[in-house]
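I open this notebook to record what I looked up in one model. The entries follow the order of the look-ups.

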Amino acid sequence: MGHNRADEKRIEMDRKGLEKELKEAFCWFHEHPELAYEETRTTAKIREILTRYEIEILPYALETGLVAVIRGEQAGPVQALRCDIDALPIEEETELSYCSREPGKMHACGHDMHITAGIGCAVLLQENRSRLHGTVRIIFQPAEETSLGALKILETNVMDDVERIWGFHADPTNPAGTIAIREGYVTAAVDRFVITIKGIGCHGAHPDDGIDPVPVAAAVIQALQTIVGRNVNAFHPSLLSVTRVSAGTTWNVIPAEAVMEGTVRTMEREDRTLYEKRLCEIAKNMAQAYGAEAEVEWIPGPPATYNDPEMADACAELAEEMGLRTAVEESSLGGDDFAFYEEKIPGCYVKIGTGIGHPIHHPGFAVEPEMLLPAAEFLGKCLMGYAEWIFNR
Ligand code: NI
């Protein structure tokens, strides 16, 4: 590239200007967290910044979130970048000068960083659209924390012709700006279950008059853990957690019902089916053995996130080319609704180091703002580099 000194100086000044812009935007988003489907001020702020950079915003049917588009001047594919924008119902406990101004709400999952890096990426792509192959849609997605925001986006038509999708997440296990990548499964399928044991209520002193659902629930809880130990292939990561148990209202009455709720996390599709089947069998047959009945409700969430090997490779190469620190992405039995997009098209979901500190969803979680511009540059590079690569192949 034949830049002269004046060009280089201008590029450096643009870079500094964008960095300042991103840091200010990030602080604003951090100070103004909004929960799922309530992200109206967040959306307005994103719109305001993008409009200032003359970035096109697509008409779109949802009330919160938005979709920006950058139309490259070279032929190429349609790609998307997903940035989730919602915060969590957590009371912030950091000492940051820009800490949350909303009681009981906090950007504790780093989605404020996702928004900001997404904006930065949009600005960089817009500046480089003469060299950009194809089109990039930047999806500022609402309600990731409900696991359903991605489905809402998919119900609109903005994803219909998208061929590849990129996603990323804040990573407080790595130094700021580290790119963590791996091929294959990176987050788990997230399913939820509710089991209701129906017995017959009676006096606490006369259990023989009824059917006590409490020991049935206890037996079911114990037996459910044998699914992971005895039924699932020992080389497949998975887990089952019973997270809520409730029965009865007082000390001297045997209740008629006991309810248990929890979650199943799996990586392999076959295990998802296996868990559902075994969970129903165990609950129903165990209840029957005690003379009670069980009702099982299985509520499927997003599938496992899978990193397309070709995209993950390209991503790793680009990170190295840019001289960024790279790491192997830890896979996790946490989930991300990003996986819903991947039911339709190949995708890649990387983690970007936000500085080692408290884990996500912790009231002390904090992002080092130094990573914002490198993150935006890296995402821009992925989208540009991959489009060019597809085009040249
Ligand atoms: Ni998150």
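Which residue in strand 12 is the bridge partner of Asp-191? I find that the partner is Val-264.

I note that this is a predicted model, in which local features need pLDDT of at least 70, side-chain atom pairs count only at pLDDT 80 or more, and totals for chains, interfaces and linings use all residues. Residues are numbered from 1 along each chain as its sequence is written, and side-chain values use heavy atoms, with hydrogens and water left out.

**Sheet.** I looked up strand 8 (residues 189-198) and strand 12 (residues 257-266), which run antiparallel and are joined by 10 bridges. Strands here are DSSP runs of E with at least two residues, and helices are runs of H or I with at least four, numbered from the N terminus. Two strands pair if DSSP finds at least two bridges between them. The open sheet has 4 strands in the order 10-12-8-13, with antiparallel pairing. Strand 10 (238-247) and strand 13 (293-300) each have a single partner strand, so one side of each is left without a neighbour in the sheet.

**Nickel site.** I list Cys-109 (SG), His-111 (NE2) and His-169 (NE2) as the protein donors of the nickel ion, 2.1 to 2.2 Å from it. Donors are N, O and S atoms within 2.8 Å of the metal (3.2 Å for Na, K and Ca); water is not among the atoms, so sites may look incomplete. His-111 lies in helix 3 (residues 111-127) and His-169 in strand 5 (residues 164-171), so the pair ties together parts that are 58 residues apart in sequence.
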